[in-house]
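Hi,

Here is the structure I promised to pass on.

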Amino acid sequence: MALVLKVSLCSTSKPHLSLSNSNFKPTTLFHLPLLGFNAKQTRQPSQKLAFPLGESVSGATLVALLSASFIFVDPALAFKGGGPYGQEVTRGQDLTGKDFSGKTLIKQDFKTSILRQANFKGAKLIGASFFDADLTGADLSDADLRNADFSLANVTKANLSNANLEGALATGNTSFKGSIITGADFTDVPLREDQREYLCKVADGVNPTTGNATRDTLFCN
């Protein structure tokens with residue numbers, strides 16, 4: 001004999017619970033139309049859920065357990081940083097002063113992260129996303145930033161010396177104000193006209209990797 005909790009669900013009445021002693025059959029099936037399950041069709045006006053329990057469980061507790069089993073998602077997955085940087089989350093994080101120098105961070109996700117004074121010197125950041133990130137004072141010198149996304153990013157007072165930004169995105173309100181760009185390569189970077197004019201005022205040097213003059217890549221007069 002097993003203690004069975006029966007939950008009756010009817011479209012015309014409120015759910016009710018009843019406890020009774022009955023023989024529990026292992027082959028018992030249940031019908032959950034509201035959750036998309038249809039283990040066994042029935043023509044009766046109500047359907048019953050039968051669960052063997054070792055102790056009394058309230059209706060509210062049962063509903064909570066059923067709901068949690070369908071909607072629970074590991075919150076860490078929502079901000080998982082893509083790319084090869086182990087399993088550490090790099091998206092939407094405060095990474096102020098973090099040392100990424102010399103690391104391979106291809107397509108790493110740094111969206112909306114705070115990266116003030118972070119060290120990316122010599123890092124491989126091909127296709128990395130810095131969308132809406134704060135890179136104020138960051139060291140990006142000698143970094144491979146080809147096809148990186150700097151859309152809406154704050155790249156003020158950063159060190160971009162000898163960085164290769166070929167094909168990088170810099171749309172929206174991206175700002176490079178106060179940054180060092182000696183030897184940086186901006187080939188095919190879609191800059192706003194005001195940003196291009198500003199960078200031309202401080203541009204000089206030749207990129208050691210591509211051999212392109214910084215001023216030429218910015219189409220400075």
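**Helix α2 and what it packs on**

The buried residues of α2 pack against α3 (214-217), where contact means heavy atoms within 4.5 Å. Those buried residues are Q195, L199 and C200. They sit on the same side of α2, because they cover an arc of only 135° around the axis; the arc is that of the directions from the helix axis to the C-beta atoms. "Buried" here is under 20% relative accessible area, "exposed" is over 50% and "partly exposed" is in between (1.4 Å probe, protein chains only). Helices (H or I, at least four residues) and strands (E, at least two) are DSSP runs, numbered from the N terminus.

Before you go further, please keep in mind that this is a predicted model: local features need pLDDT of at least 70 and side-chain atom pairs count only at pLDDT 80 or more, while totals for chains, interfaces and linings use all residues. Residues are numbered from 1 along each chain as its sequence is written, and side-chain values use heavy atoms, with hydrogens and water left out.

**The aromatic rings**

Next, the Phe side chains. A pair of aromatic rings is described by the distance of the centres and the angle of the planes. The rule I used is that rings of Phe, Tyr and Trp (its six-membered ring) pair if their centres lie within 6.5 Å, with planes under 30 degrees apart counted as stacked, over 60 as edge-to-face and the rest as tilted. That gives 7 aromatic pairs.

Take F100 and F120: their ring centres are 5.0 Å apart and the planes are at 10°, so this pair is stacked. F100 lies in the loop between α1 (59-71) and α2 (193-202), and F120 lies in the loop between α1 and α2 too, so the pair ties together parts that are 20 residues apart in sequence. How accessible is F100, buried or exposed? F100 is buried, because its relative accessible area is 0%. F120 also has 0% relative accessibility and therefore counts as buried.

F120 has another partner, F110, and that aromatic pair is edge-to-face, with 5.6 Å centre to centre and 85° between the planes. Both F110 and F120 lie in the loop between α1 and α2, so this pair ties together parts that are 10 residues apart in sequence. F110 is buried, as F120 is. Zooming out, ring pairs link F100, F110, F120, F130 and F150 into a cluster.

**The charged pairs**

Side chains of opposite charge can pair when their charged atoms come close. I called it a salt bridge when a side-chain nitrogen of Lys or Arg was within 4 Å of a carboxyl oxygen of Asp or Glu, and the count comes to 7 salt bridges.

One of them joins D109 and R91, at 3.7 Å from N to O. This pair links distant parts of the chain, with D109 and R91 both in the loop between α1 and α2, 18 residues apart. D109 is buried, since its relative accessible area is 10%, whereas R91 is partly exposed at 31%.

Then there is K121 with D142, where the closest N and O atoms are 2.9 Å apart. K121 and D142 both lie in the loop between α1 and α2, so the pair ties together parts that are 21 residues apart in sequence. K121 counts as partly exposed at 39% relative accessibility, and D142 counts as partly exposed at 37%.

D144 and R146 form a salt bridge as well, with the closest N and O atoms 2.7 Å apart. D144 counts as buried at 17% relative accessibility, while R146 is partly exposed with a relative accessible area of 33%. Salt bridges that share partners also join R91, D109 and K111 into one network.

Which residues other than glycine have a positive phi? T112 is one of them, with phi near 60°, and N162 has a positive phi of about 60°. T112 is found in the loop between α1 and α2 and counts as partly exposed at 41% relative accessibility. N162 is in the loop between α1 and α2, and N162 counts as partly exposed at 26%.

Cheers
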